[in-house]
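Here is a short report on strand pairing and nonpolar packing. Look over the sequence and the fold first.

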Amino acid sequence: MKATKVMVAVGAIFAVITLSSARPENGAVSGQVRVDGIPVKPQMIDMSMEPSCAKQYARPVAEENVVTGPGNALENVVVYISAGAPDDAPPAQPVVLTQKGCRYAPHILAFQVNQDFQVVNQDKTAHNFHPVPTNNREWNKSQPPGAPPIEEKYGRPEFIPVMCNIHPWMKGTLAVMKNSHYAITAADGDFKLPNLSPGNYTITAWHESFGEQSQAVTIGGGESKTLNFVFKSKSYSMGAN
């Protein structure tokens, strides 16, 4: 009887090991986002109305609605899985947006639904943090110098424009994601979405000025695939501002 029980237990363990070893490995999607054409020349920011911020820069800085790198690589693009991946729980750690030099850092802040985020003011002037959602609750909070962080969260996925009512050039976006599969491109325009279970996915690239594009992809066990996104940009006249 004891021998029979031992054999059953060994068989169960062997079955678990066999199933675990047979489970497909996760895959990944990576690629680059760039602009086809000549990007619109960015506007320079006039901070003369706020000297405490203007003096933080050695030279005038440009707006960040279109930022390109080598080879017309496009920065500040949110690349994410818009279909095919289940919603997952948000991290316990909050993300932070910093107001410094009368600009938002980062320009695009991405986080998950119901994840805490904080807004910090490191300037010597007051700011007015005003997100303008269409699918979430709208609010508008002032933040004097030295004030504690603003703490909030959102319950629905959405790209939410942010502005400061005191400094009109301060603009950014809160990218509220429904799952953890997202990335934001840097100056090289590259992105990677790792740890994808085998299946069919829709990958979407969103940019605040160029809109969004989507591509379908099928990932097999342990498979890595490349997807590139190209946004069209109208040329600007030479000498235009």
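Strand 1 and strand 17 pair in the parallel sense, over 4 bridges. Strand 17 spans residues 229–232. Within this pairing, Val33 has Phe229 as its bridge partner. The model is a predicted one.

Strand 1 itself covers residues 27–36, and it also pairs with strand 13. That pairing is antiparallel, with 5 bridges. Here Ser30 stands opposite Lys192. Strand 1 pairs with strand 16 too, in the parallel sense. In that case Ala28 faces Ser224.

The pairings of strand 1:

| Partner | Residues | Sense | Bridges |
|---|---|---|---|
| Strand 13 | 190–196 | antiparallel | 5 bridges |
| Strand 16 | 224–226 | parallel | 3 bridges |
| Strand 17 | 229–232 | parallel | 4 bridges |

Now the packing. In soluble globular proteins, nonpolar side chains tend to be buried together. Which residues have the most contacts inside the largest nonpolar core? They are Phe111, Phe117, Phe129, Tyr154 and Leu174, in a core of 24 residues. Strands 3 (95–100), 5 (108–112), 6 (117–121), 10 (158–164) and 11 (171–177) each give two or more residues to this core. Strand 10 provides the largest share, 3 residues.

Take Phe117. Leaving out residues up to four places away in sequence, its contacts include Phe111, Tyr154 and Leu174. Phe117 also touches Pro94, Val95, Leu109, Trp139 and Ile150. The run Glu151, Glu152 and Lys153 is touched by Phe117 as well.

Another core lies apart from the largest one. This other core has 21 residues, among them Val66, Val77, Ala183 and Phe191.

Note on methods:
Residues are numbered from 1 along each chain as its sequence is written. This is a predicted model: local features need pLDDT of at least 70, side-chain atom pairs count only at pLDDT 80 or more; totals for chains, interfaces and linings use all residues. Side-chain values use heavy atoms; hydrogens and water are left out. A nonpolar core is a set of buried Ala, Val, Leu, Ile, Met, Phe, Trp, Tyr and Cys residues joined through side-chain atoms within 4.5 Å. Buried means under 20% relative accessible area, exposed over 50%, partly exposed in between (1.4 Å probe, protein chains only). Contact means heavy atoms within 4.5 Å. Two strands pair if DSSP finds at least two bridges between them.
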